[in-house]
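Here are a few exercises to work through with the model open. Try each task before you read its solution.

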Amino acid sequence: MASPRLIMKMKVASLRSEAGDVSVVEFRHPRRPQLPPFEAGSHVDIHMPGGKVRQYSLMGDPADLSRYLIGVKREEAGRGGSAWLHANLKVGDELAVSAPRNHFRLHNEAQAHLLLGGGIGITPMIAMARALKAQGKAFVLHFFARSRMMAPMLADLETELPADHLVLHFDDDPATVVDLAELLKEQKDGTHLYYCGPPGFMAWARASSTHWKPDTVHFEAFQPEEDPNFVPQAFTIQLRSTGQELNVPADTSALTMLRAAGVLLFSSCENGVCGSCECGFVTGEPIHRDAVLSPEAKTRRFISCVSRAKGRIVLDL
Ligand code: FES
(Lines give C-alpha, C1' and ligand atoms only; values in the text may rest on other atoms or scores of the structure.)
Protein backbone atom coordinates (compact mmCIF):
# COMPACT_ATOMS: atom_id res chain seq x y z
CA MET A 1 0.00 0.00 0.00
CA ALA A 2 1.09 3.60 -0.61
CA SER A 3 2.32 5.69 2.29
CA PRO A 4 -0.72 6.74 4.32
CA ARG A 5 0.93 10.17 4.57
CA LEU A 6 0.23 10.71 0.87
CA ILE A 7 -2.66 13.14 0.50
CA MET A 8 -4.32 13.62 -2.88
CA LYS A 9 -6.69 16.28 -4.15
CA MET A 10 -9.55 14.16 -5.47
CA LYS A 11 -12.74 14.99 -7.30
CA VAL A 12 -16.21 13.90 -6.29
CA ALA A 13 -17.21 11.93 -9.39
CA SER A 14 -20.66 10.90 -8.20
CA LEU A 15 -22.96 10.98 -5.20
CA ARG A 16 -25.72 8.51 -4.53
CA SER A 17 -28.28 8.36 -1.73
CA GLU A 18 -28.76 5.04 -0.05
CA ALA A 19 -31.15 3.71 2.58
CA GLY A 20 -30.52 4.63 6.19
CA ASP A 21 -29.52 8.25 5.46
CA VAL A 22 -26.31 7.12 3.79
CA SER A 23 -24.58 8.93 0.96
CA VAL A 24 -22.20 6.97 -1.28
CA VAL A 25 -19.36 9.18 -2.49
CA GLU A 26 -17.20 8.21 -5.46
CA PHE A 27 -13.77 9.89 -5.61
CA ARG A 28 -11.59 9.93 -8.71
CA HIS A 29 -8.26 11.61 -9.29
CA PRO A 30 -8.45 14.44 -11.86
CA ARG A 31 -5.30 13.22 -13.65
CA ARG A 32 -4.28 9.79 -12.41
CA PRO A 33 -6.33 6.93 -13.85
CA GLN A 34 -4.91 4.56 -11.19
CA LEU A 35 -5.10 5.29 -7.47
CA PRO A 36 -2.82 3.87 -4.76
CA PRO A 37 -3.87 0.25 -4.14
CA PHE A 38 -5.81 -0.81 -1.10
CA GLU A 39 -6.79 -4.02 0.63
CA ALA A 40 -10.25 -4.86 1.89
CA GLY A 41 -10.75 -3.30 5.34
CA SER A 42 -8.77 -0.13 4.49
CA HIS A 43 -9.93 3.38 5.27
CA VAL A 44 -8.97 6.83 4.04
CA ASP A 45 -8.82 10.18 5.82
CA ILE A 46 -11.11 12.80 4.31
CA HIS A 47 -9.92 16.36 4.98
CA MET A 48 -12.78 18.84 5.18
CA PRO A 49 -12.75 22.61 5.25
CA GLY A 50 -12.11 23.99 8.72
CA GLY A 51 -9.54 21.33 9.52
CA LYS A 52 -11.90 18.44 10.23
CA VAL A 53 -10.40 15.07 9.30
CA ARG A 54 -12.59 11.98 9.32
CA GLN A 55 -11.96 8.34 8.52
CA TYR A 56 -14.18 6.32 6.18
CA SER A 57 -13.86 2.69 5.12
CA LEU A 58 -13.32 2.00 1.45
CA MET A 59 -16.16 -0.16 0.22
CA GLY A 60 -15.32 -0.46 -3.47
CA ASP A 61 -13.75 -3.45 -5.14
CA PRO A 62 -10.02 -3.54 -4.23
CA ALA A 63 -9.39 -4.73 -7.80
CA ASP A 64 -10.83 -1.48 -9.21
CA LEU A 65 -8.25 1.27 -8.64
CA SER A 66 -9.94 3.84 -10.84
CA ARG A 67 -11.93 5.14 -7.86
CA TYR A 68 -12.47 5.12 -4.12
CA LEU A 69 -15.98 4.60 -2.78
CA ILE A 70 -17.07 5.52 0.73
CA GLY A 71 -20.44 5.37 2.46
CA VAL A 72 -21.24 8.22 4.86
CA LYS A 73 -24.16 7.98 7.27
CA ARG A 74 -25.52 11.32 8.43
CA GLU A 75 -24.95 11.46 12.19
CA GLU A 76 -26.59 14.57 13.60
CA ALA A 77 -25.23 13.77 17.05
CA GLY A 78 -21.74 13.08 15.72
CA ARG A 79 -18.70 15.35 15.60
CA GLY A 80 -19.92 17.22 12.53
CA GLY A 81 -18.00 15.52 9.72
CA SER A 82 -20.86 13.48 8.25
CA ALA A 83 -23.34 16.36 8.64
CA TRP A 84 -20.95 18.65 6.72
CA LEU A 85 -20.49 16.11 3.93
CA HIS A 86 -24.23 15.53 3.59
CA ALA A 87 -25.04 19.23 3.59
CA ASN A 88 -22.27 20.51 1.34
CA LEU A 89 -20.72 17.94 -0.95
CA LYS A 90 -21.51 18.22 -4.67
CA VAL A 91 -20.34 16.38 -7.76
CA GLY A 92 -17.19 18.11 -9.06
CA ASP A 93 -16.01 19.29 -5.62
CA GLU A 94 -12.40 18.63 -4.70
CA LEU A 95 -11.36 17.28 -1.33
CA ALA A 96 -8.05 16.13 0.12
CA VAL A 97 -8.08 12.36 0.57
CA SER A 98 -5.27 10.34 2.13
CA ALA A 99 -3.80 7.18 0.70
CA PRO A 100 -5.46 4.11 2.24
CA ARG A 101 -4.37 2.68 5.55
CA ASN A 102 -5.45 -0.70 6.91
CA HIS A 103 -5.93 -1.83 10.51
CA PHE A 104 -8.70 -4.26 9.64
CA ARG A 105 -7.26 -6.66 7.12
CA LEU A 106 -8.42 -10.07 6.09
CA HIS A 107 -6.27 -12.89 7.42
CA ASN A 108 -5.17 -15.17 4.63
CA GLU A 109 -4.41 -18.04 6.97
CA ALA A 110 -8.13 -18.37 7.82
CA GLN A 111 -9.98 -21.32 6.31
CA ALA A 112 -13.28 -19.44 6.51
CA HIS A 113 -14.33 -15.85 7.24
CA LEU A 114 -17.42 -14.83 9.22
CA LEU A 115 -18.28 -11.17 8.55
CA LEU A 116 -20.76 -9.22 10.71
CA GLY A 117 -21.85 -5.73 9.64
CA GLY A 118 -24.26 -3.65 11.73
CA GLY A 119 -25.88 -0.67 9.94
CA ILE A 120 -23.22 1.55 8.37
CA GLY A 121 -20.65 -0.95 9.66
CA ILE A 122 -21.46 -2.86 6.50
CA THR A 123 -19.06 -0.65 4.48
CA PRO A 124 -15.75 -2.45 5.21
CA MET A 125 -17.59 -5.77 4.97
CA ILE A 126 -18.64 -5.01 1.40
CA ALA A 127 -15.00 -4.65 0.31
CA MET A 128 -14.13 -7.79 2.27
CA ALA A 129 -16.96 -9.79 0.70
CA ARG A 130 -15.92 -8.61 -2.77
CA ALA A 131 -12.29 -9.59 -2.16
CA LEU A 132 -13.17 -12.98 -0.67
CA LYS A 133 -15.57 -13.76 -3.49
CA ALA A 134 -12.91 -12.86 -6.08
CA GLN A 135 -10.41 -15.13 -4.30
CA GLY A 136 -12.88 -18.01 -4.07
CA LYS A 137 -12.54 -18.09 -0.26
CA ALA A 138 -15.17 -19.47 2.11
CA PHE A 139 -17.16 -16.70 3.79
CA VAL A 140 -20.58 -15.65 5.01
CA LEU A 141 -21.64 -12.02 5.52
CA HIS A 142 -24.34 -11.33 8.11
CA PHE A 143 -25.92 -7.89 7.68
CA PHE A 144 -27.85 -6.45 10.64
CA ALA A 145 -30.19 -3.47 10.15
CA ARG A 146 -33.35 -2.04 11.65
CA SER A 147 -35.34 -2.93 8.54
CA ARG A 148 -34.91 -3.66 4.84
CA MET A 149 -35.77 0.01 4.21
CA MET A 150 -32.90 1.10 6.50
CA ALA A 151 -30.25 -1.23 5.06
CA PRO A 152 -27.76 0.69 2.88
CA MET A 153 -26.19 -0.90 -0.22
CA LEU A 154 -28.51 -3.88 0.10
CA ALA A 155 -29.37 -3.99 -3.60
CA ASP A 156 -25.65 -4.18 -4.51
CA LEU A 157 -25.05 -6.97 -2.02
CA GLU A 158 -28.05 -9.00 -3.15
CA THR A 159 -26.97 -8.63 -6.76
CA GLU A 160 -23.31 -9.48 -6.21
CA LEU A 161 -23.36 -12.19 -3.56
CA PRO A 162 -24.80 -15.68 -3.87
CA ALA A 163 -27.69 -16.24 -1.44
CA ASP A 164 -25.63 -18.63 0.71
CA HIS A 165 -22.98 -15.92 1.26
CA LEU A 166 -25.37 -13.24 2.53
CA VAL A 167 -27.64 -13.54 5.57
CA LEU A 168 -29.92 -10.63 6.43
CA HIS A 169 -31.20 -9.76 9.90
CA PHE A 170 -33.85 -7.07 10.27
CA ASP A 171 -35.12 -5.95 13.69
CA ASP A 172 -38.64 -5.53 12.31
CA ASP A 173 -38.78 -9.05 10.84
CA PRO A 174 -38.80 -11.63 13.65
CA ALA A 175 -38.12 -14.45 11.19
CA THR A 176 -34.68 -12.97 10.48
CA VAL A 177 -33.67 -11.90 13.99
CA VAL A 178 -30.77 -13.86 15.44
CA ASP A 179 -29.06 -13.91 18.80
CA LEU A 180 -25.34 -13.27 18.26
CA ALA A 181 -24.51 -15.37 21.30
CA GLU A 182 -26.17 -18.30 19.52
CA LEU A 183 -24.60 -17.50 16.13
CA LEU A 184 -21.10 -17.31 17.65
CA LYS A 185 -21.57 -20.13 20.16
CA GLU A 186 -19.16 -22.46 18.40
CA GLN A 187 -15.99 -21.42 16.66
CA LYS A 188 -15.34 -23.74 13.76
CA ASP A 189 -11.67 -24.63 13.35
CA GLY A 190 -9.85 -22.10 11.17
CA THR A 191 -12.69 -19.56 11.10
CA HIS A 192 -11.89 -15.88 11.67
CA LEU A 193 -14.50 -13.38 12.83
CA TYR A 194 -14.69 -9.74 11.65
CA TYR A 195 -17.24 -7.21 12.92
CA CYS A 196 -18.02 -3.52 12.55
CA GLY A 197 -20.98 -1.38 13.56
CA PRO A 198 -22.29 1.20 16.00
CA PRO A 199 -21.30 1.01 19.70
CA GLY A 200 -24.23 -1.17 20.82
CA PHE A 201 -23.55 -3.66 18.04
CA MET A 202 -19.82 -3.72 18.87
CA ALA A 203 -20.56 -4.44 22.54
CA TRP A 204 -22.97 -7.23 21.53
CA ALA A 205 -20.45 -8.83 19.17
CA ARG A 206 -17.63 -8.51 21.67
CA ALA A 207 -19.65 -10.05 24.51
CA SER A 208 -20.75 -12.89 22.22
CA SER A 209 -17.25 -13.78 21.05
CA THR A 210 -15.21 -13.74 24.26
CA HIS A 211 -14.65 -17.51 23.98
CA TRP A 212 -13.15 -17.24 20.46
CA LYS A 213 -9.38 -17.43 20.13
CA PRO A 214 -8.22 -13.79 20.43
CA ASP A 215 -6.05 -13.86 17.29
CA THR A 216 -9.05 -14.92 15.19
CA VAL A 217 -11.31 -12.00 16.17
CA HIS A 218 -10.95 -8.68 14.32
CA PHE A 219 -13.04 -5.54 14.52
CA GLU A 220 -13.23 -1.91 13.49
CA ALA A 221 -15.00 0.59 15.72
CA PHE A 222 -16.22 4.09 14.95
CA GLN A 223 -15.17 5.23 18.40
CA PRO A 224 -13.35 3.69 21.37
CA GLU A 225 -15.45 1.99 23.99
CA GLU A 226 -16.69 4.43 26.64
CA ASP A 227 -15.73 3.64 30.22
CA PRO A 228 -17.71 5.98 32.49
CA ASN A 229 -15.66 4.87 35.49
CA PHE A 230 -12.28 5.72 33.99
CA VAL A 231 -10.51 8.53 35.84
CA PRO A 232 -7.36 9.72 34.01
CA GLN A 233 -4.23 9.97 36.13
CA ALA A 234 -0.97 11.79 35.47
CA PHE A 235 1.88 9.61 34.24
CA THR A 236 5.44 9.93 32.95
CA ILE A 237 6.81 9.24 29.48
CA GLN A 238 10.46 8.53 28.90
CA LEU A 239 11.82 8.74 25.35
CA ARG A 240 14.00 5.76 24.55
CA SER A 241 16.29 7.68 22.19
CA THR A 242 17.29 10.52 24.52
CA GLY A 243 16.12 9.46 27.98
CA GLN A 244 14.12 12.70 28.22
CA GLU A 245 11.20 12.53 30.65
CA LEU A 246 7.83 14.16 30.07
CA ASN A 247 5.11 14.51 32.68
CA VAL A 248 1.64 14.00 31.24
CA PRO A 249 -0.99 15.75 33.40
CA ALA A 250 -4.30 13.98 34.02
CA ASP A 251 -6.19 16.30 31.68
CA THR A 252 -3.70 16.19 28.79
CA SER A 253 -2.95 13.56 26.17
CA ALA A 254 0.41 11.91 25.65
CA LEU A 255 0.28 13.15 22.05
CA THR A 256 -0.03 16.77 23.20
CA MET A 257 2.94 16.47 25.56
CA LEU A 258 5.07 14.68 22.95
CA ARG A 259 4.37 17.42 20.43
CA ALA A 260 5.12 20.14 22.99
CA ALA A 261 8.50 18.46 23.47
CA GLY A 262 9.18 18.59 19.73
CA VAL A 263 8.52 14.93 18.97
CA LEU A 264 7.06 14.65 15.49
CA LEU A 265 4.06 12.33 15.54
CA PHE A 266 1.35 12.33 12.92
CA SER A 267 -2.28 12.40 13.97
CA SER A 268 -5.64 12.41 12.28
CA CYS A 269 -8.75 11.47 14.26
CA GLU A 270 -7.24 12.19 17.72
CA ASN A 271 -9.97 9.88 18.93
CA GLY A 272 -8.22 6.51 19.01
CA VAL A 273 -9.69 5.04 15.83
CA CYS A 274 -7.31 5.73 12.93
CA GLY A 275 -3.89 4.64 14.22
CA SER A 276 -2.00 7.63 12.79
CA CYS A 277 -0.36 8.52 16.10
CA GLU A 278 0.81 4.98 16.89
CA CYS A 279 4.27 4.36 18.32
CA GLY A 280 6.03 1.52 20.10
CA PHE A 281 6.64 1.13 23.82
CA VAL A 282 9.61 -0.61 25.38
CA THR A 283 8.68 -0.98 29.04
CA GLY A 284 5.84 0.12 31.26
CA GLU A 285 2.18 -0.62 31.74
CA PRO A 286 0.02 1.12 29.15
CA ILE A 287 -3.69 1.73 29.64
CA HIS A 288 -4.95 1.17 26.13
CA ARG A 289 -8.00 3.30 25.35
CA ASP A 290 -8.01 3.01 21.55
CA ALA A 291 -10.17 1.04 19.14
CA VAL A 292 -7.32 0.21 16.73
CA LEU A 293 -4.76 -2.16 18.18
CA SER A 294 -5.18 -5.92 18.15
CA PRO A 295 -4.54 -7.81 21.39
CA GLU A 296 -1.13 -8.79 20.01
CA ALA A 297 -0.25 -5.21 19.00
CA LYS A 298 -1.21 -4.01 22.47
CA THR A 299 1.78 -5.88 23.89
CA ARG A 300 4.19 -3.53 22.06
CA ARG A 301 2.34 -0.54 20.53
CA PHE A 302 0.79 2.61 22.01
CA ILE A 303 -1.84 5.03 20.63
CA SER A 304 -0.69 8.36 21.97
CA CYS A 305 -3.84 10.44 21.38
CA VAL A 306 -6.00 8.51 23.86
CA SER A 307 -3.97 5.89 25.69
CA ARG A 308 -2.31 6.45 29.03
CA ALA A 309 -0.05 4.51 31.37
CA LYS A 310 0.41 3.55 34.98
CA GLY A 311 3.35 5.40 36.47
CA ARG A 312 6.09 5.48 33.85
CA ILE A 313 6.24 4.22 30.29
CA VAL A 314 9.24 4.17 27.96
CA LEU A 315 8.19 4.91 24.40
CA ASP A 316 10.22 3.81 21.40
CA LEU A 317 10.74 7.37 20.21
S1 FES B 1 -4.79 10.25 15.79
FE2 FES B 1 -6.14 8.64 15.20
S3 FES B 1 -5.66 7.09 16.64
FE4 FES B 1 -4.50 8.78 17.32
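**Exercise 1.** Does F144 count as buried or exposed?

*Solution.* Some ground rules come first: this is a predicted model, where local features need pLDDT of at least 70, side-chain atom pairs count only at pLDDT 80 or more, and totals for chains, interfaces and linings use all residues. Residues are numbered from 1 along each chain as its sequence is written, and side-chain values use heavy atoms, with hydrogens and water left out. Now take the cut-offs: buried is under 20% relative accessible area, exposed is over 50%, and partly exposed is in between (1.4 Å probe, protein chains only). F144 has 9% relative accessibility, so it's buried.

**Exercise 2.** Work out how the rings of F144 and W204 pair.

*Solution.* Rings of Phe, Tyr and Trp (its six-membered ring) pair if their centres lie within 6.5 Å; planes under 30 degrees apart are stacked, over 60 edge-to-face, and the rest tilted. With centres 5.8 Å apart and planes at 75 degrees, F144 and W204 are edge-to-face. The pair links distant parts of the chain, 60 residues apart: F144 is in strand 8 and W204 in helix 5 (DSSP runs, numbered from the N terminus: helices are H or I, at least four residues; strands are E, at least two).

**Exercise 3.** Find which aromatic cluster F201 belongs to.

*Solution.* Start with F201 and W204: their centres are 6.3 Å apart and their planes at 80 degrees, so that's edge-to-face too. Both sit in helix 5, three residues apart, about one turn of the helix. Next, check burial: F201 is buried at 8% relative accessibility, while W204 is partly exposed at 32%. Put together, F144, F201 and W204 form one aromatic cluster.
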